[in-house]
Amino acid sequence: MSCPRCDANGASAGAQDRGTAAVVPHETTATWCLVGTPNVGKSSLINAIAGSQLQVGNWSGTTVEVASATTRIRGTRVELVDLPGAYALAGTSSEEDVVLPALMAHPEALIVNVVDATHLARDLTLTLELTELGRPLVVALNLVEQAADRGVGLDPAALEAALGVPVVALPDHRRHGAGKLVDAAERARTTATAIAYPEVIADAVARLAPHVASRWHALATLAAEVPDAAGAHAVAATERATLDAAGVDPFLAIAEARHRAAVALATGATLEHERRADPSERVDRIVLHPVVGPLALVAGLALTFHLTFAVSTPWIDFFGLVQEVAAGWVAALPLPALVASFLSGALIEGVGTVVSFLPVLFVLYVLLGFLENAGILARVAYLADGLMRAIGLPGRAILPMVLSIGCTVPAIQATRTLEERGDRLRVALALPSISCSARLPVFVLMAAAFVPAYAAVVVTGLYLLGFVVAIASALLFRRVLRTPESSGAMELPSYRWPPASLVLRLAWARTRAFLQSAGGPILLVVSAIWLLLEVTLPSGASLFEAVARTLAPLFAPLGLGDWRIVGALIPAAVAKEVAIGSMALTFVGGGDATAPLGFLAGLGALGVGLLEAARDTLTSLWGFGGGGDEVDSVLTARLSGALTTAGAMAFMVFLLLYVPCIATLAALRKAFGTRWMAFSILYQTTIAYLLAWGVYALWP
Amino acid sequence: MALSVEVLRELAVPATVGELARRLEVPEVHLQRELARLERRGYVRRLACAPTACGWCALRATCDATAAERWLRA
């Protein structure tokens, strides 16, 4: 720890304070910046260290902006900064461009360079660039087991000796590797790895270095990869002119020297050279077959929804029981009528019904998390490559569309991985047509009420319809916006078996985020609807009913003449899942007197319900969906009396496609401006109305 | 910069972005950015094809130059 930079570094300070935190008057803090090439596993590593839930996925470009998580490591509060993947510090894209500024914005930070062991020489070139920044550095070798599968063994100790900074090999189960990395961070130091630059370059760097932030900046200035620093312009221009006169191309000379050094480092750290075939390739021969692949894709989608229903239905029933018990308890309390009405109507029936569908979302998020992290979604994108090219989009444009199944907002952010603004706009405008998880509970409810035997088929069909409309929209926007044709296939990462803890943690984080972001609007909107239902006009109808009845004729051509159904569509413009709360209030809430229930009797009922839900879940898994297949509730019974099946289908299609939720509109506005946001509202509402009308008219 | 060197070495003979991506095991999107950067600096160029001449070309049955753009070291 002789280097003053290391001593000033928080991580090192944390190491020195190990076991002595009690005598330190103030909490020590540190920052670790994780840098590496795309899809090397930086976010996953942070999640393993901090127990955080940063977005991860087995494809490049998962992280498109700087994110961070905070954890406590041996008495030190450490902020782990997750940077987008980059092959070099001088970026070539908007994501890569944030890496260097983020590193310079954290001058005290320890740099953790996550290196892909399967492409060691290439990644070590970035490592060498990082050493030239003159900052404390640790190298974490990731994907070591995949390298071993390819017949490449690594010697971290040899690499550490050659590089002069700690090198740690991370096992695929990163939780164990996190401890090794923390140990290595305590030994972090700067290094000056000798790279044999041509003499004229070395001389120029020596003269330029005092005028810029680091040796790397001097080299990048010579290669014209960064703008000249203030006060260094004259010196830089002189040095470049000198090199030019000497016939030396600084960009090529520097790149070649670094590459040679990296290859030498990689060669010295590689134990075996004989390579075996990547096991992923053998699987891909089947999965990516032009005939078998698309069939497997559709079957996989249907299986995903089938499992979602089979596993979550018992828990929806359990939440329904919780509502009944809570309503019984409220009825047993000596409360004023208005308060009791609010509790049982707005909270228990309105908000509770929305919450009861959280198991559906959780199961869907578990399945999506598995598909993302196992590398299967990347295969989906690859299979869709031909389709994407047919509409003039690069293959990876399918990824935001697949992500939309979870939530449209991060999907809009993910469009940033597309090169052309026209492509980003087309995809972003098409995304609201794809069903997000907020719409799923409404579909589950309606399908259970009207087509219980074919619920999974109907919901799968709605998702496919969303994709078809999105693709057609992208094609239409291509003609309208006259964007040039793009290309660029989706790359195929190796298959990885994601740890169950990671998948469950991500699913829990997404479910919690859904509840946190949607909880406020749901409570607010449902409370407002309850209030409007309580305000009675001279005609005897409530204010909410009067407004909904006024709008009802507009929806009559769609088979949606019932004011309660129209009423559900109004607040659902804020957040789609609110439609359930609204229908629960207007169809059920406060309508029937609930029998009072004793506290112990209620607990007993809940205990029995819990055991039954657990049993039914196991049965459904063991029996492959043999558990409960329908959502049985008062609401579904009353819904089926208020609409025809054709009307219910039109309702679901309209809800699928009409005006995007507030969060999506905000994301669109942020990315593309108010004009395109307004266009999206108009476009989506128009196609929703037309298609819903068509479905109602054509439904047998 | 590692990518620059590898791309320049590969482009000693003409190649499409897809071919480069497979050989280097790098996503096409990153290769396109790298190629754009190298093109701006004058190190690589697109291999121009004259579509009007294809009808007379003896190699038209085997050539896929119209299907995907090829790149070459300048």
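Me: Just after α10(A), what positive phi does Ala224(A) take?
Reply: This is a predicted model in which local features need pLDDT of at least 70 and side-chain atom pairs count only at pLDDT 80 or more, while totals for chains, interfaces and linings use all residues. Residues are numbered from 1 along each chain as its sequence is written, and chains are lettered from A and ligands numbered from 1 in the order in which they are written. Helices (H or I, at least four residues) and strands (E, at least two) are DSSP runs numbered from the N terminus. Just after α10(A), Ala224(A) has a positive phi of about 55 degrees.

Me: Is helix α10 of chain A mostly covered or mostly uncovered?
Reply: A residue is buried if 20 or more other C-beta atoms, placed from the backbone, lie within 10 Å of its own, exposed if 12 or fewer, and partly exposed in between. Among the buried residues of α10(A) are Trp216(A), His217(A) and Leu222(A). With seven of its eight residues buried, helix α10 (residues 215-222) of chain A is mostly covered.

Me: Why does Gly519(A) count as partly exposed?
Reply: Gly519(A) belongs to helix α24 (residues 500-534) of chain A, and its C-alpha atom is separated by 9.3 Å from that of Val354(A), 165 residues apart along the chain. Gly519(A) is partly exposed because the number of other C-beta atoms within 10 Å is 15.

Me: Are α31(A) and α32(A) oblique or parallel to each other?
Reply: The two helices, residues 662-672 and 674-698 of chain A, pack at an angle of about 140 degrees, with their axes 7 Å apart. Axes are lines fitted to C-alpha atoms, for helices over the stretch in contact (C-beta atoms, placed from the backbone, within 7 Å), and angles run from 0 to 180 degrees between N-to-C directions. Angles under 35 degrees count as roughly parallel, over 145 as roughly antiparallel, 65 to 115 as roughly perpendicular and the rest as oblique. α31(A) and α32(A) are therefore oblique.

Me: Which are the edge strands of the six-stranded sheet?
Reply: Two strands pair if DSSP finds at least two bridges between them, and this open sheet has mixed pairing in the order β2-β3-β1-β4-β5-β6 (chain A). Pairing on one side only, the edge strands are β2 (67-73) and β6 (167-169) of chain A.
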